[in-house]
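Subject: Structure for your files

Hello,

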Amino acid sequence: MSGTISILAFEPGWELHRFASYGLDALGHRGGSRRIVCWRQSGRVVCGDLESADSQALSDSGAVVAAWLNGRPDGQLVEGESSVAVADRPSGLLPEIARDVERALSTDRPHARLAESLSSYGSADAPSLTVLTSRGELVVWRSSVGLTPLVVGGYGFDMAIASSETSAIEMLDADVRRHLLPGEGVYASRRQVRLFSTGAAERARLCLFELLYTARHDSTVDGVSVYEFRRELGRRLGRYLDDPVDVVTGVPETALPYAVGLSQATGAPFELGFVGTLRRERSMMKEGVRERLIAVHLKLNPIRRVFEGKRVAVVDDSMVTGSTLKTVAQLLRYRVGARELHVLVASPKLAGTCPYGVVGLDPGSLISAHLDESDIERYLDVDSLAWLREEDVETVARGFCLRLCGACFGRSLLGGGE
Amino acid sequence: MRVLLVGSGGREHALAKLIVSSRNTVELYVLADYANPGLRREAEATGGRLLAVNTSDPPAVVKVAEALSPDITVVGPEEPQFHGVTDALRERGFAVFGASRACSEVERSKVFGRYLMWKHGIPGRLHFTSFRSLEEAEEFVRYAGDVVVKPARQFGGKGVRVVRDTKAFLSEAKQRVKSSSVLRTFEELDALGEEYKVLVEQRVEGVEYTAQVVTDGSYVLPLPLVQDYPHAFELDVGYETGGMGSISGPGHLLPFVNEEEYETTERIVKQVLEKLQEETGDRYTGAFAGQMMLTGLWGPTVIEFYSRFGDPELSCLVPRLESDFLELLDRAARGALAGAKLEVSESTVSIVKAIAPVGYPASKSEASGHPVIVDEVRIRELGCHLLYASVEEGVGGGIYTKGSRAFEVVCAAEDYERAYRLTEAAMGYISSLDGWPLYHRSDIGSGWLIEARRREAERVRAVYRSKQLRGTLGESFTVWMPGKGIVASPLLSPLR
């Protein structure tokens with residue numbers, strides 16, 4: 001997972017390093033492990049750490065690209081002759097696409113040529129792109145397949161901003177202008193800004209994980225409120241809770257809206273259950289078992305009185321290795337003394353890895369792909385365990401007019417209809 | 001009827017088209033600063049001519065008028081008004097449509113119009129303050145917060161900085177931009193010898209629209225509302241321009257402004273016109289417009305005033321007009337507008353798009369001097385109108401860009417979807433001959449952008465209605481300072 005924020009200033013004098021820095025902070029939840037920033041300096045585009053970047057050069061650049069990348073940057077960053085390209089996910093196609101973009105930008109109708117050359121990647125598995133050139137041009141393109149979102153905003157008459165998420169644009173005090181559709185892109189320079197489109201692929205869809213886990217609750221993805229989507233899935237969970245409970249809670253932060261939905265559906269009160277220590281960590285995105293556990297343990301100190309002697313429903317957005325829920329169950333049962341534990345997962349069972357490399361899932365460690373339900377229930381040591389079914393996601397997605405990719409759940413399309 | 005039209009651009013071409021469609025036989029003469037080929041052809045088709053003069057030079061304009069003895073003179077742009085062209089013509093007994101110098105002060109000075117609104121308590125006014133000295137202005141913006149910095153006089157639609165400042169962690173960076181903007185504006189207006197140089201106004205957000213009227217000083221006849229699009233680039237980003245396009249309809253409304261808001265707007269405009277005439281002691285004869293914004297603070301709110309028709313706002317009317325526009329201008333010029341009617345097609349909407357050479361608006365020199373070609377026949381086949389704006393005829397009859405918006409295309413249809421397709425198709429028939437890129441905004445008139453405006457209007461409507469119920473319309477910026485109590489806006493009205 002990764003996130004980008006790119007800014008073009010039409011007027012001089014803007015301290016772009018501040019905007020890049022806060023923009024990246026706003027995207028920190030997306031789970032990238034390395035943050036880079038690229039800017040123009042002495043006729044070239046250079047990339048580096050935000051901390052060590054020359055803030056004056058960065059502001060003078062007039063245009064910057066800042067991104068959270070995966071631990072292994074291969075296929076996510078290409079530093080070319082006169083431009084730098086950043087992809088939303090690792091892709092072997094990136095060097096070739098970056099070259100084509102460079103070529104298109106050297107013509108006098110760059111937006112038209114960009115549309116032409118990028119449309120040849122419509123059927124291929126091309127990633128979404130953000131490109132900065134040494135002439136100060138900025139190109140963003142959402143791949144024809146879509147998958148991850150891309151949104152464009154504006155600040156007064158002064159700046160154009162593109163980002164993975166609306167909340168980053170809002171945090172920079174700017175206004176969201178358009179959610180790019182799959183295949184749509186924007187060419188921006190100080191002299192021209194042009195919307196172009198290579199057309200959406202027939203299989204264009206949004207990654208379900210984006211709505212399930214990656215995006216912030218306060219973001220709007222393709223026009224859909226992330227919070228509302230999550231709460232709606234939580235409401236659907238109500239039909240899988242057979243036993244009466246005293247309290248509903250969610251694993252922070254992502255699962256809270258699901259728990260709110262479940263509480264609204266069942267009438268059982270929603271309570272905050274845990275308080276974290278240090279900054280918010282994205283446990284699922286950690287690569288090693290130990291790192292993941294550290295992140296989980298840091299964010300999960302229980303509020304004892306909420307659970308003591310109670311029948312508890314705990315909601316999480318998904319179950320990958322099961323280690324988070326196992327930790328929660330152990331804590332609540334043995335340390336706190338909950339009477340009953342009912343675990344509800346607001347997504348279907350994960351069945352395999354992400355074929356697009358958007359979500360880094362290790363197929364060997366997906367618990368639901370290897371154990372049956374009763375074994376998982378035993379492993380977690382809970383009174384009941386339930387997942388949402390694909391039909392539920394399907395129904396909710398249709399309600400929001402979304403076409404979702406659920407490849408890792410074993411369904412290449414959820415919602416929309418083919 | 002012999003008509004003398006003063007002005008050179010797209011608005012004047014729209015005026016020319018509206019004038020020659022009159023049921024009267026028209027002989028049109030155009031006084032322009034440059035040889036606009038569209039205006040020349042309109043004039044010649046009626047047996048008239050285009051004459052090149054400095055349109056802001058009263059003696060030069062009067063001289064031509066005396067030679068031609070027009071039945072009516074229509075002054076399109078604001079600059080000739082600022083320079084006293086309308087007054088000079090009236091002094092010689094000519095019937096003139098166009099605001100006097102004194103009345104046009106409402107556009108020229110951004111302080112004057114705002115002062116009027118505060119003095120007479122006219123609704124839709126914003127808190128502002130203006131500065132004569134750089135030190136005071138610099139000191140003020142250091143603490144001003146969420147504001148818009150503007151030149152204190154009309155400055156060709158340039159120089160406005162909207163600095164939203166609602167995030168403390170970015171505030172310092174924004175304060176520095178505000179300061180440098182104040183300095184630049186100050187220097188530019190100081191060079192013009194203006195008294196007030198910088199105006200700082202509270203920032204509001206919402207949906208902008210333009211309310212244009214024709215008046216003879218006592219009777220006010222409103223035109224259908226228009227929305228114009230000031231950002232240079234698609235997605236509403238980039239530089240402020242005079243306008244890259246506009247839309248009008250259905251009827252006299254816009255898809256995001258309702259009847260009640262229309263009526264409030266009309267009341268504001270009428271009140272301003274009345275007080276403006278009281279204040280100047282001068283009769284207002286001509287076009288007047290309020291650049292409005294529907295805000296959560298007031299509902300209809302005034303952003304600017306124009307002492308003329310908007311450009312490209314007026315162009316929207318060209319395909320929708322059903323009555324005699326010349327008659328209207330003539331009755332206004334003669335003080336006999338009472339009872340006049342403006343008939344506009346109820347069943348159509350219209351979209352205007354401007355096309356400009358790349359370089360506009362930041363670098364006029366880059367955008368100038370490029371040969372362009374238009375397939376007018378095809379545009380006419382689509383049922384659209386082509387308006388010539390910032391282009392002139394060169395030697396050998398070629399048409400060259402002058403650095404601003406080169407052409408406008410206006411198309412009408414029964415709905416926006418159809419009108420949109422027509423304007424986009426028409427844009428395809430305009431190109432440069434030297435390969436220099438031209439651009440227009442493909443998003444203007446599109447369903448998604450109109451929908452975005454509608455949502456924005458809904459958002460601010462909920463806010464102003466709640467303020468209306470609580471009786472706090474227009475109230476904002478109250479600050480509680482411990483030890484001092486509640487203080488009204490730090491941006492003071494000029495009536496301290």
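**Cores**

A:Val64 touches A:Ser6, A:Ile7, A:Leu16, A:Ala20, A:Val37, A:Cys38, A:Trp39 and A:Leu58, once its neighbours within four places in sequence are left aside; two residues are in contact if their C-beta atoms, placed from the backbone, lie within 7 Å. This is a predicted model, in which local features need pLDDT of at least 70 and side-chain atom pairs count only at pLDDT 80 or more, while totals for chains, interfaces and linings use all residues. Residues are numbered from 1 along each chain as its sequence is written, and chains are lettered from A and ligands numbered from 1 in the order in which they are written.

A:Val64 is also among the residues with the most contacts inside the largest nonpolar core, together with A:Ile7, B:Ile19 and B:Phe407. That core has 223 residues. A nonpolar core here is a set of buried Ala, Val, Leu, Ile, Met, Phe, Trp, Tyr and Cys residues joined through C-beta atoms within 7 Å. A residue is buried if 20 or more other C-beta atoms lie within 10 Å of its own, exposed if 12 or fewer, and partly exposed in between, with C-beta atoms placed from the backbone. Strand β4 (residues 63-69) of chain A gives the most to this core, with seven residues. A second, separate core of 70 residues includes A:Val245, A:Ala255, A:Phe307 and A:Val314.

**Confidence**

The predictor gives the complex an ipTM of 0.91 and a pTM of 0.93. For chain B the mean pLDDT (the predictor's confidence in each residue, from 0 to 100) is 94, and 96% of its residues reach 70 or more. Over residues 492-496 of chain B the pLDDT is below 50, and this stretch has seven contacts in the model beyond near neighbours in sequence.

**Chain A**

Chain A contains 14 helices and 25 strands; helices (H or I, at least four residues) and strands (E, at least two) are DSSP runs, numbered from the N terminus. Its radius of gyration is 22 Å, which agrees with the value near 22 Å for a compact globule of 418 residues. The radius is taken over C-alpha atoms, and the globule rule is 2.2 Å times the number of residues to the power 0.38. The C-alpha atoms of chain A fill a box of roughly 70 × 45 × 35 Å along the principal axes. Of its 418 residues, 58% count as buried.

Strand β13 (residues 184-188) of chain A has five of its five residues buried. A:Glu184, A:Val186 and A:Ala188 lie on one side, and A:Gly185 and A:Tyr187 on the other. In a regular strand the side chains alternate between the two faces of the sheet. Strand β8 (residues 138-141) of chain A pairs with β13(A) in the antiparallel sense over four bridges, where two strands pair if DSSP finds at least two bridges between them. A:Trp141 has A:Gly185 as its bridge partner in β13(A). β13(A) also pairs with strand β14 (residues 193-197) of chain A, antiparallel over five bridges, and the two form a hairpin with four residues between them. In that pairing, the bridge partner of A:Tyr187 in β14(A) is A:Arg194.

Elsewhere in chain A, an open sheet of four strands has the order β9-β15-β24-β25, with mixed pairing. β9 (146-147) and β25 (411-415) of chain A stand at the edges with a single partner strand each, so one side of each is left without a neighbour in the sheet. β15 (residues 205-207) and β24 (residues 403-406) of chain A are parallel, over two bridges, and A:Leu206 has A:Leu404 as its bridge partner in β24(A).

**Chain B**

In helix α2 (residues 37-45) of chain B, the buried residues are B:Pro37, B:Gly38, B:Leu39, B:Arg40, B:Glu42 and B:Ala43. They pack against several elements of chain B, including α1 (10-20), β2 (27-32) and β20 (385-388). B:Gly47, whose phi is positive, near 90°, follows α2(B).

B:Gly359 sits in the loop between β18 (349-357) and α12 (364-367) of chain B. B:Gly359 is buried, with 20 other C-beta atoms within 10 Å. Leaving aside neighbours within four places in sequence, B:Gly359 is in contact with A:Arg191, B:Glu366 and B:Ala367.

Regards
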